[in-house]
Amino acid sequence: MAKTNYDEPKSAKGPLFYGYKVFQYVFLIFLAVMSLLPFVIMIINATRSRSQIESHAISLIPGTNLATNWKVFTGKSFNVTTGFINSFIVSTGATICSVYFSTMTAFAIVAYDWKFKKAFFAFIMAVLMIPPQVTSIGMYQFMYSIGMTNKLFALIVPAVAAPSTVFFMRQYMSGALPMEILQSARIDGAGEFRIFNQIALPMMKPAMATQAIFAFVSSWNNLFLPLILLTDKKKFTMPIMVSQLNGDIYKTEYGAVYLGLTLTVLPLFVIYFLLSKYIIAGVALGGVKE
Amino acid sequence: MKKALSLLAALSLMASFTACGTDTTPASTPDSTPDSQSEADPSSTEPPVEPSGDKRELKVWAFTTEVPGMVTKFMDLNPDFAAQYDMKESVIATTDGAYQPALDAALAGDEVDMYAAEAAFILKYSQGEAAKYAAPYEDLGIDIGKVKEAEIAQYTVDIGTNPDGKLVGLGYQATGGAYIYRRSIAKDVFGTDDPAKVKAEIGPGWDKFFEAAAKLKEKGYGIVSGDGDIWHAIENISDKGWVVDDKLHIDPKREEFLDLSKKLMDNDYHNDTQDWQEGWFADMAGTGKKQIFGFFGPAWLINYTMSGNCGREVDEETGEVKAEGTWGDWAVCEPPVGFFWGGTWVLGAASSQNKEAVGDIIEWITLDTSETGLQYMWANGTFAPNEDGTPGTKDTVASGVVMAKSDGKVDFLGGQNMFDVFVPANQFANGKNLTPYDEDINTAWRDQVRQYTSGQKTRDAAIADFKQAVSDKLAIDAE
Amino acid sequence: MKSAQSRIKSISNAKYGYLFIIPFVLVYLIFHFYPTIYTTVLGFTDCKGLNNTEWNLLKGNIFANYQSILQNKSFQTAVKNTIVIWIMNFIPQITLAMLLTAWFTARRITVKGQGIFKVIFYMPNIITAATIAILFHALFSYPTGPVNDLLTKRLGILEGSYNFFISKTASKIIVAFIQFWTWYGYTMIILISGVLGINPDIYEAADIDGANGVQIFFRITIPNLKTVLLFTLVTSLIGGLNMFDIPKLYLNGGPDNSTKTASVFIYEQAFSGKYLYNRASAASMLMFIVIAICSAILFYLMRDKDAAALAKLKKQERKAAAQRAKSQSWR
């Protein structure tokens, strides 16, 4: 931990200091409210009736219409369970692939000396720049021609090559992986794969958890690729379903729409809070390492 | 934490294996619909086999719940059929043009058995690029001799006939339009709610219409809810469609929409809402900024949109009416200009492995003129009757035979027989100004018109930008 | 220390370096590189039309698709919009993220409850963009909607409702705001990670020198964050120039193309209307070139400034050390 607890200098504790403190907290609380307010509105509106929402769209008082909204919502051709399970399969699959193989790739760069190491790292930095949309048309035509459309598999495997995760892991590893331990393991006769899996991986846990959150979230929220690769309704992921939530524009049940939005968010909240201690603790990256 | 992570890993490994193996087990995702525990494999390419206890799946694509609702009804009426088939519906709204790309991809992936297309894009699916995906009705086992017997309007047939001269799609509605107005406001402003007299107040022609708008404004009312209301009247009275000889053509009648829309805006004659959005629906219930006199629309607008959005609330258990909203305060009269709007065509997919079943349903929807046929039920409110057994909402239908024996009295219109107005209006329905890209072009056009009416750009700039937008998006250049 | 480590590793281990990058390279070649080449090739073909996978190379003018895209006014607008919206979102985003990073890593004036703040600030990022777009569309509805409700009935700031959906400026600002709102927490967390990795000795040295918080942040924290900042800038630039979900789902690129981004344009060309795969491919490659140039500029700017700053810092340190030595010897 870089943060060391110094005693606050006495000279700073004048009125100016308290003014600064008050400003700081007011500002932080303002940001917190700004970040939370839309969710609050969403959750509260999920309990209100259509006419209540129409006359006053913002309210902090929950309504009593949750049961009715639930009825309307389940009557729609919107299957939360399917969407959730599909999204879960894709996101966890992609997260595991991306975090495990990125760590492996980063390990190859940090722990071994090989001829094209520098060039390879430069290549990864360059690959970072290729936007996914550039490849999307080719990707679509390619997937279509090998019959990989409508396979969740097709959304998971590409995650093995995640340049930004490799970059992040490499930064962390170059600061936090002691080579001596690897060497002594080698002397004990451990194979390189065992060294990676049983020694290096556990040491990378904080960084892997942080990257897991990012990878999971970005995969869970990905709309572009699923939108063009999935056409079978049973394979739809959550974002596709949400984007079609206004499924029947001729009938507007706002309460039910808000309820649907809330349901798409709740599972993610749970996973997020499970892993949030890594957000709080923070992960130290080797910022100045060459 | 360690546990949570390893659990996550285990779950996802399991999950990705099932995902890879979905070729044979598509139902790895539990479906909440009660009747889906057994379903045929959709992705297998095996030839159709006799259902051996397993139900086969009918994949229905539509842009509203209307057609899927009909399929459900058909299954209710035919338990034998329902014992063999399950419906999987995909309902995607046409807002933001989301329906067509999704349907196109599904058609290419053989993920469709039966699908619906709206007037704004039916030509693409019956005669244009996507016509190859539509199965001729004959191949679905439909007796097309019935088209004449049922007296289906000729334009419906023309639109639904593919370039080889085979019938691939038919509609079930007749979509001639009327002006649908509030009786209470008519009495307040014009001293009468009699359709014959109100008709003379608001038309014929746009000049009379704007005179009426001025009178309504004096008493604090708006004549329509937003610009979309008059657009649908204007869109389909034009002589030519958007595309003539592969060039973009702006019909003078459609161009006039700029001026009429601007006039509504500048004089504050409407609530400036956008059709299909919150404010528009609010005006149906009379809860908008100011009370709105009326809407332009065919019978389906009443049936499918207005009756559900008029603010009436009925307790589902007791049948007690908790709020009336504007229910019963409406009437229909001839519009200032004759027009038609929308209509849904039903098609079967050429790649479907359930052609016979699809044919059965489509024939029942489009050609069955009996009292148990869809069209009779649709026109007489027996398709979805009210809780107390009284007729539900009604609609005008495509078959002349059915219309002749139907009754159009509805409570929503205070007991008025709406067929008196809608049936003569059907003469305005024709397919001669439709093009395959209407949906995209209309979107661009209305976007630019709104820019002009809100004062963001000049009339000429709006037209120029519209031409540019169409050329950029669809590679269709202006004349 | 580093050279000592390298010496420990034997040459025979080099093969594991290659072995361990095989999954990455394989998947990259199949799922990323090949499609990229495919896209590049399609840009020179006549491949268009619903679900068409057959194509021929263009005869005559092989750059016809590129020419038509370059002349395409909507594409020009889309590229401009993309850059404008990205800048409108990124500048406040990085500024705020830096400020929060400074506060949360400050060593003298610690912020109590910073854990909960971090968790809350990152929260907007975990929500599906589709959900956010629908939510904001509902919030800004016209004529009746929460924001208009607030501005007119509750606060009385406005006489009548404001149509956020028709105003080009308002739409751009809202899209930029949504992007900002979604991503500032993420950026903050990456930056904090970077700061935590800076060697504490440097800070101790600065403390001994009597540097104040602001000086430490600008003289030590920022220069030492070089790599991480560059990473943030580049990923945000790429993410920003590929912005798709929010503009697509919030107003479908409207009104009057004002929130149409390059990605929305490419999607519309390739996957709707007339299915112009060839033109969309050309547009994709053009976007790639734009992004590559922008990234190159960033790399260049960051490297130069940083090197200069570092050199300056080292000079100052030397000076300070010399002075200290001098004063000590004087004493």
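**Labels and their cut-offs**

User: What makes a residue of chain B count as buried, and what share does?
Analyst: Buried means under 20% relative accessible area (exposed is over 50%, partly exposed in between; 1.4 Å probe, protein chains only). Of the 479 residues of chain B, 58% fall in the buried class. This is a predicted model, where local features need pLDDT of at least 70 and side-chain atom pairs count only at pLDDT 80 or more, while totals for chains, interfaces and linings use all residues. Numbering starts from 1 along each chain as its sequence is written, chains are lettered from A and ligands numbered from 1 in the order written, and side-chain values use heavy atoms, leaving out hydrogens and water.

User: Why is the crossing of α9(A) and α10(A) called right-handed?
Analyst: Right-handed means the near helix is turned clockwise from the far one by less than a right angle, left-handed anticlockwise. α9(A) passes α10(A) in the right-handed way. On the α9(A) side, I181(A), L182(A), A185(A) and R186(A) make the contact (heavy atoms within 4.5 Å); α10(A) brings E192(A), I195(A), I199(A) and M203(A).

User: What makes domain 1 and domain 2 of chain A domains?
Analyst: Their bounds come from an automatic or database domain assignment, which gives 10–75 for domain 1 and 80–244 for domain 2. Their C-alpha centres lie 35 Å apart.

Definitions and conventions: Helix = DSSP H or I, 4+ residues; strand = E, 2+ residues; numbered from the N terminus.
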